[in-house]
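Work through the exercises below with the sequence and the 3D view open. Try each task before reading its solution.

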Amino acid sequence: MRTSQYILATLKETPADAEIISHQLMLRAGMIRRVASGLYTWLPSGLRVLRKVEAIVREEMDKAGAIEMLMPVIQPADLWQESGRWDQFGDELVRFNDRHNRPFALGPTHEEVITDFVRKEINSYKQLPLTLYQVQTKVRDERRPRFGVMRAREFTMKDAYSFHLSDDCLNNTYEIMHKAYCNIFERLNLDYRPVLADTGSIGGSLSHEFHVLAESGEDAIAFSDASDYAANIEKAEALAPNEERPAPSKELKAFPTPDAKTISELKKHYGVKPHRGVKTLIVYGTADENGERGLVALVIRGDHELNELKAQNHPLVHSPLEMAPESEIVAAIGAKPGSIGPVGLSMPIIVDRTANIMADFVAGANKDDEHYSGINWERDVAQYQVSDLRNIVEGDPSPCGQGTLQIKRGVEVGHIFQLGTKYSEAMKAGVLSESGKNQVMTMGCYGIGVSRIVAAAIEQNNDQYGIKWPKPIAPFDLAIVPMNMHKSHRIPDIANNLYDGLKAAGLDVLFDDRKERPGVMFNDMELLGVPYTLVIGERNLDENKVELKNRHTGEKLMLDLDTAVETIKAAVSS
RNA sequence: CGGCGAUUAGCGCAGUUUGGUAGCGCACUUGGUUUGGGUCCAAGGGGUCGCAGGUUCAAAUCCUGCAUCGCCGACCA
């Protein structure tokens, strides 16, 4: 490709609304342009990277025995009604009616369509197991699109679905896909981790997320420093510390706290250390037979954070989790949030495991501007339950029993689930078994955010000059940058010959034939992140040499003109 | 969807307080100059100041409403 016949579209200045580095660099390097919030046009350079990521994903899927097909973005509502998700999915599902006023949705995922396909086409156990995949545009009306293509409303996803007769068989395919995912991220040269995950709204039993590690990641993930254990922080179990609760040594005593509504104010004005107090959060409980939702108190240590997922998974707590409004709290307790505590509270109380081993602690007195000190479980609070409610923190013991937990941030680029029979049962997808009876299939599903990987790769590979693409997904393998070609007699021929030779050798070459100054070309190629730049200048041609610069190491190699193509080919494919 | 902020040329911004016929840098066009790290000079093109309504002799500027975009929180590849 010659830059004179290409859309390089690089920008010197960073558009103001791009917050994270990958979004800024994708705009500046001419990879994407925003059309509307969460909707992007992919320019030639961006599309090249996207296609290379897709190609690697396809190769590994094919290698794992999955078969590619393509399903429509537009899906009829009746399939979604059949699975029950038409009502569940909410506003993230884009819905519309066609000219005959029939309802449709734009596919945010394809479980319904694939299950419909398989139930019609697959009739016999002999055809199982079966794994099908596609690379397709997904549409989700995100509450808040952000970070460019990282969280877009339209994005490219590879989604695969597997069908089985037994859980063992599903397990087997799940392991194969897990391995295929690892292969993909290895080949992409990304620092990634598979972690245990919550199964969330898609449902099912076992699930792993694949995270690319990056400071800007929206998820926190926890690792053991002594084993392979890794989990999304929302999933990681917080064990009770391995210690007994001390015996009470203090009397329950109320003290005035007019200046303290929060844990930090309690510390600031009254010297109460956060880990010596508890927070009491009032949330809605599960509805009774009349549909009435009562209130439930959740108690965690002052320096800990509530894990909402754990809370709403508790049988007494309404899901999704909802904090009670101040008015209801005042009506039920007679005190405002900020002075709430477990002593004398007449509602179900759920206490975090770690809070449960505290003694002589501080909490609100359920009376405005008053707290108790010297609170002790059982003695002062008789009725309560103990559960895991909090986010783990760095240094907690690992749930696997080995080592302590460390926390890093990650971008979720893949997610695999064992779905079980959630969709196949709802949609009556079965085959004839060996004994001639109809049997519902069990399913797995496996997603990779292809367009998100592009952004995540940049988060991990950039410097002050721009992007530093991992070789397998760079838009070009190398750039040819001739110095002042239009003023030279010999450079045009040499540059053109090298360009043809490198193309013939199977490389993606960007030949910068613009009438620009060298600095402009160097800067553009570095911004775009091309792994190698071949510099052709009069200076070195006098000795029959050209210069090869490595974007990652900064290393410069002098090459003999005669053998340059072979040397470059070897370097690029190393 | 709740809280905060923004909207003036393709991009980055000034001008708004105190109303008076819209400006700077980059990019773009033309000519010259320069040429191993975003040259320099000159000339030029490009804006219903987000939209609608109001106040006023006069609105980018004041008032009201709406829209769009972004950030922080609850969901996901």
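Predicted model: local features only at pLDDT ≥ 70, side-chain atom pairs only at ≥ 80, totals over all residues.

Residues are numbered from 1 along each chain as its sequence is written, chains are lettered from A and ligands numbered from 1 in the order in which they are written, and side-chain values use heavy atoms, with hydrogens and water left out.

**Exercise 1. The whole chain**

Task: State how many helices and strands chain A has, and what share of its residues is buried.

Solution: 
- Step 1. Chain A has 16 helices and 30 strands. Both are DSSP runs numbered from the N terminus: helices are H or I with at least four residues, strands E with at least two.
- Step 2. Chain A has 574 residues, and 52% of them count as buried. Buried means under 20% relative accessible area, exposed over 50%, and partly exposed in between, with a 1.4 Å probe and protein chains only.
- Step 3. Along the principal axes, the C-alpha atoms fill a box of roughly 95 × 70 × 50 Å.

**Exercise 2. Salt bridges**

Task: Find the salt-bridge partners of Arg58, Asp116 and Asp159, and say where each pair sits.

Solution: 
- Step 1. Side chains of opposite charge can pair when their charged atoms come close. The whole structure holds 34 salt bridges.
- Step 2. Arg58 pairs with Glu68, with the closest N and O atoms 2.9 Å apart. The two link distant parts of the chain: Arg58 lies in helix α2 (residues 44–63) and Glu68 in strand β3 (residues 67–68), 10 residues apart. Arg58 is partly exposed at 25%. Glu68 is also partly exposed, at 35%.
- Step 3. Asp116 meets Arg119 at 2.8 Å, N to O. Both sit in helix α5 (residues 111–121), 3 residues apart, so about one helical turn separates them. Asp116 is buried, with 11% relative accessibility.
- Step 4. Asp159 meets Lys138 at 3.0 Å, N to O. This pair also links distant parts of the chain: Asp159 is in strand β8 (residues 154–164), Lys138 in strand β7 (residues 130–139), 21 residues apart. Asp159 is buried at 1%, and Lys138 is buried at 0%.
- Step 5. Look for shared partners. Salt bridges join Arg51, Glu54, Arg58 and Glu68 into one network.

**Exercise 3. A sheet of 3 strands**

Task: Give the strand order of the open sheet of 3 strands and name its edge strands.

Solution: 
- Step 1. The order is β4-β6-β5, with antiparallel pairing. Two strands pair if DSSP finds at least two bridges between them.
- Step 2. The edges are β4 (74–76) and β5 (94–97), each pairing on one side only.
- Step 3. β5 and strand β6 (residues 103–106) pair over 4 bridges in the antiparallel sense. Phe96 stands opposite Phe104 in β6.

**Exercise 4. The lining of a pocket**

Task: Which element gives the largest share of the lining of the second largest pocket, and which classes of residue make up that lining?

Solution: 
- Step 1. β14 gives the largest share, 5 residues.
- Step 2. The lining has 13 nonpolar, 6 polar and 3 charged residues. Ala, Val, Leu, Ile, Met, Phe, Trp, Tyr, Cys and Pro count as nonpolar, Asp, Glu, Lys and Arg as charged, and the others, Gly among them, as polar.

Definitions and conventions
Salt bridge = Lys/Arg side-chain N within 4 Å of Asp/Glu carboxyl O.
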